[in-house]
Amino acid sequence: MLHALELIATLCAGLFSGAALYVNLVEHPARMGLGTCNAFSQWAPSYKRATWMQAPLALLSSIAGTGAWLMGGGTAWLVAAALIGAVVPFTFIVIMPTNQKLLTPGRDISSSDTHTLLENWGKLHAVRSVLSFMATVLCIWLLLGA
């Protein structure tokens with residue numbers, strides 16, 4: 001059971017990290033190159049779809065990592081679980097206010113304010129990418145027999 005939890009924690013962290021890095025390195029820069037109106041028009045549905053993929057991955061990885069720690073896998077599994085788990089409160093506390101501003105009904109999606117919010121969103125999302133990447137690297141290191 002311990003090994004299964006370690007594999008689940010690693011797989012889910014890796015999938016989350018890969019998606020998050022893709023957003024920061026490819027998708028968001030590409031959307032920002034489309035102009036503010038088009039960038040927003042692409043961001044809104046992308047954000048809604050990604051939520052249903054990334055949130056479960058972060059939670060499952062964190063739960064599995066915590067389970068691995070509880071089953072004697074070592075404190076480093078708890079650290080990995082905390083790293084990937086931290087993206088959830090970070091999203092709700094730090095990123096969500098930006099999301100809510102962007103999704104305000106009647107927003108002028110071609111405004112400089114919208115552009116600034118989208119730029120800030122990319123920077124905030126990068127924190128999620130870093131946290132999840134650190135968790136993934138730690139999980140892989142632990143699986144390889146640290």
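The paragraphs below lead from the overall architecture of the protein to a few of its residues.

This is a predicted model, in which local features need pLDDT of at least 70 and side-chain atom pairs count only at pLDDT 80 or more, while totals for chains, interfaces and linings use all residues. Residues are numbered from 1 along each chain as its sequence is written, and side-chain values use heavy atoms, with hydrogens and water left out.

The protein holds five helices and zero strands, where helices (H or I, at least four residues) and strands (E, at least two) are DSSP runs numbered from the N terminus. Along the sequence the pattern therefore reads α-α-α-α-α, and the C-alpha trace spans about 55 × 25 × 20 Å along its principal axes. Of the 146 residues, 44% count as buried, a word that stands for under 20% relative accessible area, with exposed meaning over 50% and partly exposed in between (1.4 Å probe, protein chains only). Among contacts (heavy atoms within 4.5 Å) between residues at least 6 apart in sequence, 78% join residues at least 24 apart.

Met1, Trp69, Leu70 and Met71 make a nonpolar surface patch of about 470 Å². Patches are made of residues with over 30% relative accessible area and no salt bridge, with like charges joined within 9 Å and nonpolar side chains (Val, Leu, Ile, Met, Phe, Trp, Tyr) within 5 Å; a salt bridge is a side-chain nitrogen of Lys or Arg within 4 Å of a carboxyl oxygen of Asp or Glu.

His28, by contrast, lies in helix α1 and counts as buried because its relative accessibility is 7%. Leaving aside residues up to four places away in sequence, His28 touches Val23, Leu118, Trp121 and Gly122.

Ile140 belongs to helix α5 (residues 112–143) and counts as partly exposed, since its relative accessibility is 41%. The C-alpha atoms of Ile140 and Leu103, which stand 37 residues apart along the chain, are separated by 37 Å.

Definitions and conventions
Areas by Shrake-Rupley, 256 points an atom, 1.4 Å probe, with all protein chains shown as cover.
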